[in-house]
Amino acid sequence: MEYIKAFIVGGLICVVGQIILDNTKLTPAHILVSFVTAGVILGGLGLYKPIVKFAGAGATVPIVGFGNALAEGAIEGVKKNGIIGAFTGGITAAAGGIAAAILFGYIMALVFKPKTKN
Amino acid sequence: MAIKRIGSQTVKFQNPPSIISTYTIVGPKEGEGPLKDYFDMILEDDMWGQESFEKSEAKIQEEAIKAAISNGKLTNQDMDYLLAGDLLNQIVSSTYSARSLSIPYYGLFGACSTMTESLSLGAMLIDGGFADNLVCATSSHFSSAERQFRFPLEYGNQRKFSAQWTVTGSGATVLSANGNGPYITYATTGKIIDMGVKEADNMGAAMAPAAIDTLLTHFKDTGYSPKDYDLIVSGDLGKVGKAIVLELMKKEGYDLTDIYTDCGVEVFDIQQDTHAGGSGCGCAAVVLNGYIYKEMMKGKFSRVLVMATGALHSPTMNQQGESIPGIAHAITIDVNKD
Amino acid sequence: MENMNKKDYQKYAEKKIPKPTYLKNIILAFLVGGAICTVGQMVRAWLTKNGLDEKSVASGTAIIMVFIGSFLTGLGVYDKIGKVGGAGAAVPITGFANAIVSPAMEFKTEGLIFGVAAKLFTIAGPVLVYGVGSSIVVGILHLLFTRGR
């Protein structure tokens, strides 16, 4: 059951992105940036947590979930360390994904060569 | 007194220079397209043993120039000028290709219009008495163009249906004061026309007004009408631009339905999934030096108007919100001198 | 062309553009995006089963999904998934990984510092700037409204 929920919610979040792509002049890069920011706002307002509870990876795997993690981390940081926590909390919560992206990105770039399309 | 000038934008050559030889090299995808039998060389690997796409493009252009010259039974020393251009920043494909050729070199940038830009200027140099033989060339490479103008190859984006596919390839033409044709008899130099289209994935629509402007001017200046031509061909307007040219030319009173086409539409098949067709400096270059030249030599066409079209924008100007300036240069190629 | 003004031409040209296949794109985005999230859910379940706490499961899932996206990009598969799935491939964190690896790979020819390392952040940079930046704002606002409780 939780797989079906993840599939449907994750799929729907992507559909929102597709509708924006097909009806505006925005590029996938715009989508990534605006979705992560939307995730931060939803997370800050506490609106994304219920979606994560319901859909699991369907909510955390889309980049919106990355934004939500940043916001939740910042709030938690504030609770623990006040104003300093606002600065450290977000990145701390998202550190795994960011560090992985840097490391794996670097390694893959060294190992592989881009292939021509046809 | 500019005695060879007629009308507002056209020159009529008094001693029309002759195309004496050509050569074309294309990438694997172009080599599977409908014009594959007209290309002199089809690469199996578009890197051609080079370390980067840019170096590969330079090599493709260099080899095309060398082969065109030797096809004309001439040597590099016989060439008074090399006129070449491409799409990359600082036209590096052309400069690096020219590096080892040791031919006096003028680098040209007219984006995808460079093939007819170089042929117009080359014909003027010869008719003006400044050169006996010279070579004109352009190139483009899908992968080097993608990375300069669009996205990395491995980036998972969806291309719009109006987007075009940069042709990997190069075409070179040797022009001579002495030859048996086909001849370049007229050249109509285009003005920059910008109707405010901003989308780099809709270049056909951005360039079509320039093509229409040059066509109308050419007919007015030369007194030719569409029925004087066996074929009228634009460079890389693709499906979208071609449809616009046909429709708007009809409104201007010229029905081009049966004699007009576009190199970008011809070079790829619908099954090749390029969306609106081919583009790039190499597009007009390989279709002109491959298909059109060879069919003229066989006698299928006796007078052709070739009009390469260029979108003279850059990603920087695009990001600053600017629209795409278009240009189109037309040349008349005729098996007879007049 | 003189009797057509720029606005009219742009409107006319707009109509000449073939429309995207809206419904097909939406269905494919749903299926591809849903499938990627389902894989994410499997990773979550596996990590949970192995006794990780909630936070570690979240970080671990992100790390593994980023690895999958990077690896498929390196193999030359992710661009094909993206061509089919559109936003379904771009929006998941695997798409974020694709946006990081693809320019880095391609600019290897320009060296390890200004090529690979600088280009890693072509798209990741803006995402982090806006994501992290706005999370700090959220933290500060939270502090102001709740006085840190």
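Helix α6(A) supplies the largest share of the nonpolar patch, four residues. Keep in mind as you look around that this is a predicted model.

**The nonpolar patch**

The patch covers about 720 Å² of surface and is built from A:L103, A:I107, A:L110, A:V111, C:L112, C:I113 and C:F114. Two helices, α6 (83-111) of chain A and α7 (112-119) of chain C, each supply at least two residues of the patch. A:L110 counts as partly exposed because its relative accessibility is 39%.

The size of an interface is often given as the accessible area lost when the parts come together. For chain C and chain A, about 5,600 Å² is buried between them, with 78% of it on carbon and sulfur atoms. On the side of chain C, the residues that lose the most area to chain A are C:F30, C:Q41 and C:V91, together 11% of what that side buries. The contact draws 69 residues from chain C and 69 residues from chain A.

Polar links also cross this interface: there are ten residue pairs in polar contact, both residues at pLDDT 80 or more. Among the elements of chain C that give two or more residues to the side touching chain A are α2 (22-49), α3 (54-75) and α8 (121-146). The most comes from α2(C), with 17 residues. Two salt bridges span the interface of chain C and chain A. In one salt bridge, the side chains of A:K25 and C:E14 meet at 3.8 Å, N to O.

**Salt bridges elsewhere**

Over all chains, the whole structure holds 17 salt bridges. Here are some pairs to find in the viewer:

| Pair | Closest N and O atoms |
|---|---|
| A:K49 and A:E72 | 3.6 Å |
| B:E51 and B:K55 | 3.0 Å |
| B:E63 and B:K66 | 3.6 Å |

A:K49 is partly exposed at 46% relative accessible area, and A:E72 is partly exposed at 26%.

In chain B, B:E51 counts as exposed at 56% relative accessibility, while B:K55 counts as partly exposed at 41%. B:E63 and B:K66 both lie in helix α1 (residues 53-71) of chain B, three residues apart, or about one turn of the helix. Salt bridges that share partners also join A:K25, B:E199 and C:E14 into one network.

Notes: Residues are numbered from 1 along each chain as its sequence is written. Chains are lettered from A and ligands numbered from 1 in the order in which they are written. This is a predicted model: local features need pLDDT of at least 70, side-chain atom pairs count only at pLDDT 80 or more; totals for chains, interfaces and linings use all residues. Side-chain values use heavy atoms; hydrogens and water are left out. Patches are made of residues with over 30% relative accessible area and no salt bridge: like charges are joined within 9 Å, nonpolar side chains (Val, Leu, Ile, Met, Phe, Trp, Tyr) within 5 Å. Accessible areas come from the Shrake-Rupley method with a 1.4 Å probe; for residues, only the protein chains shown count as cover. A salt bridge is a side-chain nitrogen of Lys or Arg within 4 Å of a carboxyl oxygen of Asp or Glu. Buried means under 20% relative accessible area, exposed over 50%, partly exposed in between (1.4 Å probe, protein chains only). Contact means heavy atoms within 4.5 Å. Buried area is the accessible area (1.4 Å probe) that two parts lose on being put together, summed over both. A polar contact is a pair of N or O atoms within 3.5 Å; within protein, one must be able to donate a hydrogen and the other to accept it, and residues adjacent in sequence count only if both atoms are side-chain atoms.
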